[in-house]
Amino acid sequence: MDTKGAKPSRRGLLKKSIAAAASGAAIAAQSGVLFAQARNAAPGRKFRGWISRGTGPGRTTLQELTLRPIGGRQVVVRTEATNLCYSNATDVLGLPPMNFGPPREANQANAQTRPVPSAFAALANMALIQGHGGVGVVEAVGPEVRRVQVGDRVCVSGTPQCGSCYQCLRGRADMCQFLNRQGPNDLVPIADMRDGTPVYANSHIGGLAELMVTFEEWAVPFFTKAAAAPLGMVCSCVSVAGLGCTTSQVLALVEPGSTVAVVGCGPLGLSAIQGARISGASKIIAIEPIRVRREVALKVGATHVLDPNVEADKLVDKVRELSNGPGTRLWAGGRDSGGILAGSGADFVVEGVGADRAKPKLESGPDPTGILPMRQAYEMCAPGGHIITTSLPAGTFSLPAVMFAIGGRTHHAGQAGGANPMRDIPRFVEMLDRGQYDANSLATSVVPIERMLEGYQEVVDRTTVTAIMTG
Ligand SMILES: [Zn+2]
Ligand SMILES: [Zn+2]
């Protein structure tokens, strides 16, 4: 500042600006993380991606695409592996749409961002890369990106975590409000087809391509040398949900020595079994109609397996019987086995069945809508116990009202098993690296990008536990 009131000289100003620049550089050197980074992928880069458009079988085809320039908080990831999630099969294979309950009203306030029926129609007409998760290496970042850097290995998480919305601030990152920002008006074009048609990434992820273009909120960095397929497995939405509900302790706590029942042994249930083992459960009861999956359940940590088709309407009693202990002497810490308000049952139940998208080629479960297993899961939970539901069943369901009202069971529902992506996904990768989590027993089919549709067919037929597409 010029204390004499005279005009500042040009030389003085120059000196000041050099000093300011120097101090800025010093701050940048001390805390470089506070400053923006910008590395743009070569616009015009070609890559292959599976484009879904229209309706019915044949709607998904492999195309050569041209990358658009990125900006802001966008991140370009070279795909290493993507799980072929069962819940995405309808859109990829063009199967008949699922009925998840009464249709939503089209006039709701946020209709433009919620997938109402008209939004589904709009999405069906867009050239969309399906897939809702994957792992890979960051190739480029927009100038506002802070979380990840070029060269980082990252998970593009099925569940975003912005860190600043209502839910994230209250410890429920699994319900991050950005989950609702995936409608047709929220998506941005990331590439073009040969004929100039703009291409969008499903859920801002689009894992079924050689490149994923996402936003920072979906990107979770980690530091591991794990191979692509097991890493893609442990970071998949289903593994994160299974490990999340049993180890994250956001929804409920699996206590050491407890009894855990897992209903449905797809990749989610088989991850929940492993999470229950990691958390120290002593008895883990796996319930699954497919014999091969029951065998995998025993391999990864289940202590008992039950076939719901064999147990039929005795299934709940059977789980209560297996959960008995330490005895029936009430004065000595025991419990008896009967009744709605007393008696035994699993301390912790994970439900992970859901509705069939198509008839399985292996053993079918007792109810293709997933409703019966959900009710059984609730009923096999001990009074005072916890049930976490994770699946996508079709329809509505009922329970004995008195059991629901005063039966002492606490129900938890959430995305991703309540996992907090930025905190928990790196922990799950650590469990893989340390040999606590067995990914290879779940990723029983690994296919290159060209054979993605074959992998998906195996997933729908249930002839594999799940399939991983490698980039
Ligand atoms: Zn999924
Ligand atoms: Zn959020």
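This is a predicted model: local features need pLDDT of at least 70, side-chain atom pairs count only at pLDDT 80 or more; totals for chains, interfaces and linings use all residues.
View 1. A search of the whole structure finds 1 aromatic pair. With ring centres 6.4 Å apart and planes at 85°, Phe 178 and Trp 218 form an edge-to-face pair, because planes over 60 degrees apart count as such. Phe 178 belongs to the loop between helix H4 (166-169) and strand E7 (189-193), and Trp 218 to the loop between strand E9 (211-215) and strand E10 (219-222), so the pair ties together parts that are 40 residues apart in sequence.

**View 2. The zinc ion (ligand 2) and its cysteine donors.** The SG atoms of Cys 162, Cys 165, Cys 168 and Cys 176 coordinate the zinc ion (ligand 2) at 2.4 Å, and along the chain these donors follow the spacing C-x2-C-x2-C-x7-C. The angles subtended by the 4 donor atoms run from 106 to 117°, which makes the arrangement around the zinc ion (ligand 2) tetrahedral. Both Cys 162 and Cys 165 are buried.

**View 3. Arginine charges over tyrosine rings.** The charged end of Arg 170 sits over the ring of Tyr 166, at 3.7 Å from the ring centre, while that of Arg 462 sits over the ring of Tyr 86, at 4.3 Å from its centre.

**View 4. The protein around these sites.** The protein has 14 helices and 18 strands, and 52% of its 471 residues count as buried.

Definitions and conventions
Residues are numbered from 1 along each chain as its sequence is written. Chains are lettered from A and ligands numbered from 1 in the order in which they are written. Side-chain values use heavy atoms; hydrogens and water are left out. Donors are N, O and S atoms within 2.8 Å of the metal (3.2 Å for Na, K and Ca); water is not among the atoms, so sites may look incomplete. Four donors count as tetrahedral if all angles lie between 85 and 135 degrees; four count as square planar and six as octahedral if opposite donors are over 155 degrees apart and all others between 65 and 115; anything else is irregular. Buried means under 20% relative accessible area, exposed over 50%, partly exposed in between (1.4 Å probe, protein chains only). Helices (H or I, at least four residues) and strands (E, at least two) are DSSP runs, numbered from the N terminus. Rings of Phe, Tyr and Trp (its six-membered ring) pair if their centres lie within 6.5 Å; planes under 30 degrees apart count as stacked, over 60 as edge-to-face and the rest as tilted. A charge sits over a ring if NZ of Lys or CZ of Arg is within 6 Å of the ring centre and within 35 degrees of the ring normal.
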